[in-house]
Amino acid sequence: PSHRPHPCDGRPMTADIVIERVAAPTRGVAVDQPLAGVSPPGHLVVEIGLHDAPAEVVAAERVSASLHGNLAIASGVPAGPGRWRVEVPAVLLETEFELAVRVHAGSDVHLVALIGGRNRRFSPRPPGFGALLMHQLGRAGSTMMMRLLAGHPEIAVFDEYPLETRPGLAWMHSLAVLAGTTTIAPGDEPFFDEVETTTANPYVSEYFLGAETLAAAHHGGFDRLRAVIAELVEDIYRPQQAGAVFFAEKFRIESAFAARTQQTTLATWPDSRQIVLVRDPRDLLCSRLSFNAQRAEASFDLDLDDDAVTGAPTIVHHLRLAAQQLAAFPDAVLVRYEDLVEQPVATATRLFASLDLDHGFATVRNAVEHAIESRSDRHVTSTSAAASIGRWRDELPAAAAAHLVAELSDELDAFGYER
């Protein structure tokens with residue numbers, strides 16, 4: 001979109017993002033920006049021309065930019081006939097990155113640009129402390145997992161169920177908004193659509209260009225902002241557990257802001273790790289339907305009138321998100337609900353070892369006891385933990401079970417579930 005000149009036009013800018021590699025795998029695609037070694041401060045700008053590309057690429061309906069292979073973090077906007085522009089805030093980029101740009105035309109997706117480089121705009125936090133993001137699906141044992149983590153002496157958890165406050169992710173979301181806003185047009189309200197209630201931001205105007213304007217006017221300000229917010233999060237967590245090397249929080253991978261908040265967190269604390277907790281999708285659907293009926297409340301992206309048929313697409317979507325996370329982050333630790341319930345000691349030992357934490361017998365025993373003793377009857381929907389495994393055989397209509405298997409065959413194989 002076009003904008004009126006702003007006070008920083010023409011001001012010298014330092015290249016904060018160093019571009020080292022630019023490739024266009026699709027024939028006829030021109031990558032006009034970024035130029036090698038040059039990028040405006042505050043964010044990475046990518047401009048592509050599709051005029052000479054194949055017809056199915058020229059017909060692109062939208063453009064996305066992804067990190068870690070297929071983790072979409074930004075969307076493109078039309079920049080003229082056959083041209084697209086994507087802006088990626090530097091706060092989302094790790095010290096070294098590779099950005100993939102794809103065009104979407106109906107169900108067809110085409111990789112049109114690969115851009116690799118180094119981010120010098122933000123300084124990561126010192127080693128020795130990081131986030132431990134526990135990816136939750138809802139009704140997959142996340143409460144038990146958080147209590148298990150809270151029982152480990154090297155993991156800090158702010159509080160436990162039913163509160164499970166997440167100050168780290170809340171502040172990282174705030175940082176992504178404050179330091180990550182790209183082009184702002186009149187009427188844009190990027191912070192949950194209510195920016196005026198969140199921060200007195202004078203830059204919500206067509207005269208300003210968000211991060212680029214601030215970066216040019218006050219070089220280094222964003223880096224200090226991230227340091228202040230990161231230190232605040234660390235100050236919240238360090239008193240919770242002396243000697244902790246991680247602070248653990250539940251992370252909703254289906255959230256609309258998930259990728260942006262996740263990437264801001266990982267770029268801030270390079271020592272961060274991730275846990276992907278999954279459950280047999282057939283049992284997951286049964287548990288969600290029972291939980292909602294038990295409380296007479298809609299939750300987990302299901303309505304109260306949903307049944308095994310209408311609720312299945314949500315389960316499919318969430319399991320595919322979990323599989324996407326495992327593919328994007330090879331060092332993420334996969335934990336199955338069934339293993340956590342049936343073999344808690346062995347599962348906890350493997351988990352803590354994978355995270356390079358103390359996994360001695362005494363430490364594991366104490367963590368498992370904490371997880372089991374804290375079990376809330378109000379939170380369960382089956383007669384026992386053992387009865388929650390394989391419940392779909394009695395509760396789920398055969399057609400619904402078959403549909404989930406057909407839709408999630410690859411994910412079932414990847415997670416080790418029978419079809």
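Threonine 314 is buried, with a relative accessible area of 16%, which puts it under the 20% limit for that class. The residue belongs to helix α8 of a predicted model. The chain has 419 residues, 52% of them buried, and its secondary structure comprises 14 helices and 14 strands. Of the contacts between residues at least 6 apart in sequence, 74% join residues at least 24 apart.

- Beyond its neighbours within four places in sequence, threonine 314 is in contact with Arg288, Phe300, Asp301 and Leu302.
- The largest nonpolar core holds 80 residues, and Leu44, Ile48, Val88, Leu99, Val101 and Leu396 touch the most other members.
- Helix α8 supplies the largest share of this core, with 8 residues.
- In soluble globular proteins, nonpolar side chains tend to be buried together.

**Helix α13**

- Helix α13 runs over residues 398-407, and its buried residues are Ala400, Ala401, Leu404 and Val405.
- These residues lie on the same side of α13, because they cover an arc of only 135 degrees around the axis.
- An α-helix has 3.6 residues a turn, so residues three or four places apart point the same way.
- Ala398, Ala399 and Ala406 are exposed on the other side of α13.
- The cover over the buried residues of α13 includes α7, α8 (312-328), α12 (392-395) and α14 (409-415).

**The second largest pocket**

- The volume of the second largest pocket is about 830 Å³.
- Its lining has 43 residues, and those nearest the centre are Arg139, Gly141, Ser142, Thr143 and His379.
- Five elements each give at least two residues to the lining of this pocket: α2 (142-150), β12 (246-252), α7 (281-295), α9 (337-342) and α11 (361-373).
- Sorted by class, the lining of the second largest pocket consists of 15 nonpolar, 14 polar and 14 charged residues.
- Arginine 139, one of the residues nearest the pocket centre, sits in the loop between β10 (130-136) and α2.
- Phi of arginine 139 is near 75 degrees, which is a positive value in a residue other than glycine.
- Arginine 139 is buried, at a relative accessible area of 11%.

**The cavity**

- Rolling a probe the size of a water molecule over the atoms shows where empty space is left.
- The structure contains 1 cavity of 30 Å³ or more.
- The largest cavity holds about 40 Å³ of space.
- The residues lining the largest cavity are Met146, Val157, Phe158, Asp159, Glu164, Thr165, Arg166, Ala248, Glu249 and Lys250.
- Strand β12 contributes the most to this lining, with 3 residues.
- By class, the lining of the largest cavity divides into 4 nonpolar, 1 polar and 5 charged residues.

**Leucine 175**

- Leucine 175 is part of helix α3 (residues 167-180).
- With a relative accessibility of 0%, leucine 175 counts as buried.
- Leucine 175 and threonine 261 are 86 residues apart in sequence, yet their C-alpha atoms are 8.6 Å apart in space.

**Backbone geometry in two further loops**

- The peptide bond from glutamine 33 to proline 34 is cis, and its omega is near 5 degrees.
- Proline 34 is in the loop between β2 (30-33) and β3 (43-49).
- Histidine 68 occupies the loop between β4 (62-67) and β5 (71-75).
- Phi of histidine 68 is near 55 degrees, a positive value in a residue other than glycine.
- Histidine 68 counts as partly exposed, because its relative accessibility is 28%.

Conventions:
Residues numbered from 1 in each chain as written. Predicted model: local features only at pLDDT ≥ 70, side-chain atom pairs only at ≥ 80, totals over all residues. Heavy atoms only, no water. 1 Å grid on protein atoms, 1.4 Å probe; cavity = no way out; pocket = protein on both sides within 12 Å on 5 of 7 lines; lining within 4 Å. Points joined across faces, edges and corners; volume = space filled by probe spheres on them. Helix = DSSP H or I, 4+ residues; strand = E, 2+ residues; numbered from the N terminus. Nonpolar A, V, L, I, M, F, W, Y, C, P; charged D, E, K, R; others polar. Buried < 20%, exposed > 50% of the residue type's maximum accessible area, 1.4 Å probe, protein only. Arc of directions from axis to C-beta. Contact = heavy atoms within 4.5 Å. Core = buried A, V, L, I, M, F, W, Y, C linked by side-chain atoms within 4.5 Å.
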